[in-house]
Amino acid sequence: MTAPDIPQRHAWATGLLSLSVRRSVRGSLGGVWVRGPLPGGGAVLAPNHHSWWDGYVLREVALACSQPFSVLMTGRQLARFPFLRRVGALRADEVRAGVRRARAGWLVVFPEGELHPAGPLRGVQPGAAWIARHAGVPLVPVALRVVLRGAQFPEAFVRVGPPVAAAELPGALAALLAELDADLLGSDPEAPLAGYLRLVPGRASRSDRVDWPSRLLAWLTGDRA
């Protein structure tokens with residue numbers, strides 16, 4: 001679904017870009033796994049920003065939930081990639097447009113303000129809460145990690161918290177991120193992460209793709225573990 005003020009000229013270009021984003025996520029990641037209450041309508045999603053994949057991952061989650069998607073980007077980044085407006089990007093200072101988008105669907109606002117190395121939360125700016133308040137929509141903390149576990153390709157994990165008040169966002173987001181990190185640390189890296197649903201499929205590891213030839217070879221040769 002598309003927000004009404006996303007550029008509509010040259011719809012073929014928008015379609016190609018959307019397909020490129022989807023193929024990039026599904027062809028480079030092992031899947032997108034989600035836990036928690038996803039909003040069913042307009043909302044401001046406030047995730048940590050520790051991976052290049054973050055915006056793409058949340059866009060695919062939004063599409064899987066049939067929600068229009070938008071994201072605020074720094075002016076420097078959007079100047080480099082202006083075509084990303086076609087898939088929902090807004091410049092960070094376009095707050096009025098952000099309010100409209102949040103009322104129409106999901107608006108992602110990274111409260112850290114920019115990309116940071118993976119780790120703990122690096123401060124929370126007020127923009128996400130401001131837009132949620134003026135749009136009259138929930139402010140939803142989201143913890144996000146893109147990690148390489150026991151498979152050939154990285155996987156994205158999204159843990160969604162319940163809506164919070166502006167003053168609660170820093171603590172709620174930090175706690176949610178700590179919970180996600182604990183989930184990953186305590187998991188079997190070769191098994192699905194307990195409690196998470198794979199909402200977006202991804203690329204299978206070579207070990208999964210060659211499993212049946214391996215079994216056939218073992219049967220033909222008599223090799224046993």
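Two strands count as paired if DSSP finds at least two bridges between them. Keep that in mind as you click through this model, which is predicted.

**Stop 1: strand S3**

Select residues 69-73, strand S3. Five of its five residues are buried, so the strand is largely enclosed by the rest of the structure. Show the side chains: Phe69, Val71 and Met73 point one way, while Ser70 and Leu72 point the other way, and all are buried.

S3 and S5 pair in the parallel sense over three bridges. Pick Ser70 and look across to S5, where its bridge partner is Leu107.

Next, bring in residues 89-91, strand S4. This one also runs parallel to S3, joined by three bridges. Here Val71 has Ala89 of S4 as its bridge partner. To follow the chain from S3 to S4, colour residues 75-80: that is helix H3, and the β-α-β crossover through it is right-handed.

**Stop 2: Ser66**

Check its backbone: phi is near 60°, a positive value in a residue other than glycine. Is Ser66 buried or partly exposed? Its relative accessibility is 45%, so Ser66 counts as partly exposed.

**Stop 3: helix H6**

Select residues 169-185. Helix H6 has 17 residues and reaches 24 Å from its first C-alpha to its last, close to the 24 Å expected at 1.5 Å a residue. Show Leu169, Leu173, Leu176, Leu177, Leu180, Asp183 and Leu184, which are the buried residues to look at here. They cover an arc of only 120° around the axis, which puts them on the same side of H6.

**Stop 4: Arg159**

Stay with strand S7 and pick Arg159. With 14% relative accessibility, Arg159 counts as buried because the cut-off is under 20%. Which side chains does the side chain of Arg159 meet in polar contacts? One is the side chain of Glu179, at 3.4 Å. Another is that of Asp183, at 2.5 Å.

Finally, display the wider surroundings. Leaving aside neighbours within four places in sequence, Arg159 is in contact with Arg35, Pro141, Val142, Ala143, Leu176, Glu179, Leu180, Asp183 and Tyr196.

Note on methods: Residues are numbered from 1 along each chain as its sequence is written. This is a predicted model: local features need pLDDT of at least 70, side-chain atom pairs count only at pLDDT 80 or more; totals for chains, interfaces and linings use all residues. Side-chain values use heavy atoms; hydrogens and water are left out. Buried means under 20% relative accessible area, exposed over 50%, partly exposed in between (1.4 Å probe, protein chains only). Helices (H or I, at least four residues) and strands (E, at least two) are DSSP runs, numbered from the N terminus. A crossover is right-handed if, with the strands pointing away from the viewer, the path from the first strand over the helix to the second runs clockwise. The expected span of a helix is 1.5 Å times one less than its number of residues. The arc is that of the directions from the helix axis to the C-beta atoms. A polar contact is a pair of N or O atoms within 3.5 Å; within protein, one must be able to donate a hydrogen and the other to accept it, and residues adjacent in sequence count only if both atoms are side-chain atoms. Contact means heavy atoms within 4.5 Å.
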